[in-house]
Amino acid sequence: METMSENPTIRRAIAESLLGIALDADGFAPCPGRQFHNGATGRRDFRVILEGPPTGTCFHTSCGALVDEFNAKLRSLIGKAEAPGGTGAPPRPPMLGGSVPPMPEAPRLPKRPPYDSAKLADFAARCPYPITPEWLAARSPVAIPAKQDIATAELFLTSIYQPGERVLVFTREFSQGDFLWNAGGGGYRLGDRPGVKAVRSPLPAGGPLGVWFLAQPVSAKWEVNTNNRAPDGSPKMGRRHGACVTAWRFLVLESDEAPAAAWLRALVMLPLPIVAAYTSGGRSIHALARVDASSKETWDFLRDDLVPILCPLGADPAAMTAVRLTRLPGTLRHGSRGKDGKVNAYPSPRLQRLLYLNPQATACPILDLHP
Ligand SMILES: [Zn+2]
């Protein structure tokens, strides 16, 4: 019986045709989601490993949805091409020159409709009065502390997770988790590699760029990540990928594009179980909606249903991925990353402010709870 075998030439040609450019000698190429990068895009952010399950990975996380999409297409096309009597290799694109090529005119986002300011304005106008952070805080089912600090972060985490659930907390966005919160059990500082013991610790009060948490609870154990490979092709260990997730509970709604006033009006009218709203420490307001999916696949289906509704209203499609970091309210953000990739400190730290907390939220819009 003929079996499928890896054909490096075909694999490379398919990856390059999807990217529209040749991979360099080490497998690096411009990231397919680079328009979503928050920090500066570098020459060696995105890399494709063709051996084993073919996988592209990016240094940035904000492009995750597009990198996932690239990987799904890559694997599907390679599967077809390598099957007996398969489709073979597509023609090769031009070699990568001295600079990153310009973005294509129309990015490949068929299922991700763009932000539509007219649609948001139209929807927001149905809200009978302005919604401010103060309006939200005054109506929060769990009282919002006037003076917020790390106790607020702990209140927040304990309120939205079940006793015994574990939540990864990050002061470095690209780490494998710097701290752990055990709901009902307190905080730990985590070792940065397998075998290093966690030690009891308060959660961090702030970070150079802020503090994040992984929205889904996790095992907090190092697990093999088959989607992330070392240069020799061996899978890496990680603590923040799909195999570590213990419940597919939340969807993160971020909006960087929409005006805050209109976005807030839209948020309170959405028929979604919004358990929390909080700021980025900047002008953005994020929300956490409970979805309680039974699996990653179910989570993805729910997301796919919500994207056409929420993205025209300003929700960032790049944030709508299942394994997602989001800002931890009640902590301090000391700076932001400039276009050059360097950290610029704020004159004074900014609070990632908790605005609303409703652990028992239902799909009833917030506005209807407070007519
Ligand atoms: Zn990227």
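Reader: What share of the contacts with a separation of 6 or more comes from residues 24 or more positions apart?

Author: First the term: two residues are in contact if their C-beta atoms, placed from the backbone, lie within 7 Å. In this protein, residues 24 or more positions apart account for 68% of the contacts with a separation of 6 or more. Note that this is a predicted model: local features need pLDDT of at least 70, side-chain atom pairs count only at pLDDT 80 or more, and totals for chains, interfaces and linings use all residues. Residues are numbered from 1 along each chain as its sequence is written.

Reader: How do I read the radius of gyration of the protein?

Author: The radius is taken over C-alpha atoms, and the globule rule is 2.2 Å times the number of residues to the power 0.38. For 371 residues, a compact globule would have a value near 21 Å; the protein has 22 Å, which agrees. The C-alpha trace spans about 65 × 50 × 45 Å along its principal axes.

Reader: How many helices and strands are there?

Author: Both are DSSP runs, numbered from the N terminus: helices are H or I with at least four residues, strands are E with at least two. The protein has eight helices and 18 strands.

Reader: Which strands form the open sheet of six, and in what order?

Author: Start with the general idea. Strands of a sheet pair through backbone hydrogen bonds, either parallel or antiparallel. Here two strands pair if DSSP finds at least two bridges between them. The six-stranded open sheet has the order 7-6-5-4-9-15, with antiparallel pairing. Its edges are strand 7 (199-200) and strand 15 (325-327), each pairing on one side only. Look inside the sheet next. Four bridges join strand 4 (residues 166-170) to strand 5 (residues 179-182) in the antiparallel sense. Val167 stands opposite Trp181 in strand 5.

Reader: What is the pairing in the open sheet of three strands?

Author: That sheet has the order 8-16-17, and its pairing is mixed. Strand 8 (206-207) and strand 17 (343-352) are the edge strands; each pairs on one side only. Strand 8 and strand 16 (residues 331-337) run parallel, joined by two bridges. Gly206 has Leu332 in strand 16 as its bridge partner.

Reader: Where do the domain bounds fall?

Author: Such bounds come from an automatic or database domain assignment. The assignment gives domain 1 (8-82) and domain 2 (117-369). Their C-alpha centres lie 27 Å apart. The contact takes 18 residues from domain 1 and 16 residues from domain 2.

Reader: Which elements give two or more residues to the side of domain 1 that touches domain 2?

Author: Strand 3 (55-58) and helix 2 (64-82) do. Helix 2 gives the largest share of that side, three residues. By class, this side of domain 1 has seven nonpolar, nine polar and two charged residues. The classes are simple: Ala, Val, Leu, Ile, Met, Phe, Trp, Tyr, Cys and Pro count as nonpolar, Asp, Glu, Lys and Arg as charged, and the others, Gly among them, as polar.

Reader: Is Ala215 buried or exposed?

Author: Ala215 counts as buried because it has 23 C-beta neighbours inside 10 Å. Ala215 lies in the loop between strand 9 (212-214) and strand 10 (223-229). Beyond four places in sequence, Ala215 is in contact with Phe250, Val252, Leu288, Arg324 and Thr326.

Conventions. Buried ≥ 20, exposed ≤ 12 C-beta atoms within 10 Å, placed from the backbone.
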